Structures are given as C-alpha cells and as structure tokens.
Amino acid sequence: MRNGIPNLGALQAFEATARLGTFSRAAEELSLTHSAVYRQVAGLEHSLGVQLFNRVRRRVVLTPQGAEYAARVRHHLEQLEKDTFGLRTRSGLGRSLHIAVLPTQATTWLIPRMPDFQRRHPDITISLSARTLPFQFNDHPYDAAIYHSEQPWPRTRSVRLFAEGELLPVCRPDLLQDSRGAGGMQGLTHLHMMSRPDAWRAWYRQHGLEFSPLISAGPQYELFSMTLAAVRAGMGVALAPRFLVADAIVRGELALAGPGGLTVAESYFFGYPLTDEEGSDALQVFEQWLIRIARAESA
C-alpha cells in the first residue's frame, strides 16, 4: 500500500470476487488466473488487517466489514471509470453526460428522438445506462436519470416530463379473435411486470370484472420490452403504457383486448443530484431539450 491506499489491482480483484461470489468467476472477468486473484485478495486482507471474506467450500461470503468495504470500493471504481470516460470524451468530442434510463422507455421513446439533440448540440455526447430500480446518485456514476415514479425522488432537482396516463390491455389480434369463443380475454394467459405485480388486479377492479386467481399464475417479466416481445409472440395479454403501444394498435400489429385502460398515477421524470449549483451547462441544455420535446408531444 502507498500512503494507506491499496493497490488498484487488488481492489479490482476484491470487488469482482465480492460481486461474483467466487475467485474463479472473478479471474475470468479480469482475465487473470484463479491463483492470481486469490493472492491479490489475500494480500489485501493481510495489508488491511481485516478479514473480508469467509471461505465456504468453493464460494466466498463477505463478512460485514467486507460487504461495507465492497460497496465503497465499487463506488470509487465506478467513479474512476466515469472520470476516465469523461476525460476521453471531452478531449475528443466536447462535453459529455452519463444518464441512467429505463430500458424500454429509452429504446422506444428517447433514443428515436436523440438525432434531433445531436443535430442541435453536436458538441455534447450523451451516454445511457439502464437502471430499473431507484438509486442514490452518491452511489452511482450518473449525471442524471430519467425515471418512473409517483413523485420526484428526494434530494434531486427533478422535472416531470409526462404522465404515464394509463396502461392498456393488449395482445396479438389473432389471439384476441381466437379467444372470443373460449371465454374472452379472461381465457388468455395474463403476462405480468415484476415492478407492478398488482396491476392486473387493479385493472379488473377498475372495470368491475371478476379477478380469477388463475390470472396471477401467468409469467412475469422485468422489462416492458420483454413483456411486449411476449405479446407479439402470441404468449398472452399484457398491460402496457399507452405511449408504448398506441402506434402498434393503429397499425393493427396489436389489439386492445379489454374495455379500457388502467388509470395510473405515475409519471416519467428527469432528475439530477440536488446541490448548491444548478448543474453543468451540458446538463441544463439536455434538460431543456427533454422538456421541450415532452411538452410538445403532450400538447
């Protein structure tokens, strides 16, 4: 260690082992041998005078001290990665931002509109990373986030881009046609979003229809993109935000499977850490562009 700071290679070996649970998997990720990773971690424990792992057969389990240290090391390694990326980007292309986004919302709404931003601001590079759950900006290397919530995240400067409005029950048209003689929509497999486990129950309640326990037995998906892929494959009926499926319904690719949508209170927000400063010039430019296109489309 130099001035109390462990070797970077040892920290990388420790973080990978903590995240992956074995020396072998960490070695594979880092393109090192099993013994090299083991020596790095053992040397780190020796130099710190703290046991970071308990060895359990072929796996390693973090001690309480190890778990706390792993979280802090991961944060600093991610920050180093962000700083390095930003330096390279700024030196070659100008200003840069790293934005956390919701995968399906980004691929279906944000990214198709990004060429307009690039034409207007060619000196600003926007990098995107997928995040499906809330997080603390202090723990992750993002400048801002587009997120889904009923209200702005605490300790952020956030602006509502647009309300989600409602979730529509959709399926493939031929599946809907076949279901009419077999109990209608209730006879179809109901697909579920993991982040919204009670959505179907709420839909049935809102429309005064009986909710069968069998409806809850359908498969669950983490992302709307997965759910809609299953719908397009004819695997069942799903609830999806109107803005994601409206065009497909108009084109006849998807069909409205029920009498109406489920009204929801959530919205899509853009936010960044709350500090004494307003944020970088690039961040403000991107925020104003997002607000403009979101409000133009909501008008």
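A pocket is defined on a 1 Å grid over the protein atoms alone, as an open set of points where a 1.4 Å probe fits, with protein on both sides within 12 Å along at least five of seven lines; its lining residues have an atom within 4 Å of a point. The legends below describe a predicted model, in which local features need pLDDT of at least 70 and side-chain atom pairs count only at pLDDT 80 or more, while totals for chains, interfaces and linings use all residues. Residues are numbered from 1 along each chain as its sequence is written, and side-chain values use heavy atoms, with hydrogens and water left out.

**View 1. The largest pocket and its lining.** The largest pocket has a volume of about 640 Å³, where grid points are joined across faces, edges and corners and the volume is the space filled by probe spheres set on the points. Its lining comprises 33 residues, and Leu-102, Thr-132, His-148, Ser-195 and Arg-196 lie nearest the centre. At least two lining residues come from each of β3, α5, β5, α7 (199–206) and β12 (262–263). Helices (H or I, at least four residues) and strands (E, at least two) are DSSP runs, numbered from the N terminus. The largest share of the lining, 4 residues, is supplied by β5.

View 2. Five strands form an open sheet in the order β4-β3-β5-β13-β6, with mixed pairing; two strands pair if DSSP finds at least two bridges between them. The edge strands, β4 and β6, each pair on one side only. From one strand to the next, the twist averages 25 degrees. Strands β3 and β4 run parallel and are joined by 7 bridges; Ala-100 has Ser-129 in β4 as its bridge partner. Helix α10 lies across β3, β4, β5, β6 and β13, and runs at about 20 degrees to β6. Axes are lines fitted to C-alpha atoms, for helices over the stretch in contact, and angles run from 0 to 180 degrees between N-to-C directions.

**View 3. The largest nonpolar core.** A nonpolar core is a set of buried Ala, Val, Leu, Ile, Met, Phe, Trp, Tyr and Cys residues joined through side-chain atoms within 4.5 Å. Buried means under 20% relative accessible area (1.4 Å probe, protein chains only), exposed over 50%, and partly exposed in between. Among the 27 residues of the largest core, Ile-99, Leu-110, Phe-270, Phe-286 and Leu-290 touch the most other members. The elements giving two or more residues to this core include β3 (95–101), α5 (103–120) and α10 (281–298), and α10 gives the most, with 8 residues.

**View 4. Strand β10 and its partner β7.** Strands β7 (residues 166–171) and β10 run antiparallel and are joined by 4 bridges. Val-170 stands opposite Ala-238 in β10. In a regular strand the side chains alternate between the two faces of the sheet. In β10 (residues 238–241), Ala-238 and Ala-240 point one way, Leu-239 and Pro-241 point the other way, and all are buried.

View 5. Thr-17 is found in helix α1 (residues 8–20) and counts as buried because its relative accessibility is 0%. Beyond its neighbours within four places in sequence, Thr-17 is in contact (heavy atoms within 4.5 Å) with residues including Phe-23, Val-41 and Phe-53. Thr-63 lies in the loop between β2 (59–62) and α4 (64–93), and its 6% relative accessibility is why Thr-63 counts as buried. Not counting residues up to four places away in sequence, Thr-63 touches Gln-51, Leu-52, Phe-53 and Asn-54.
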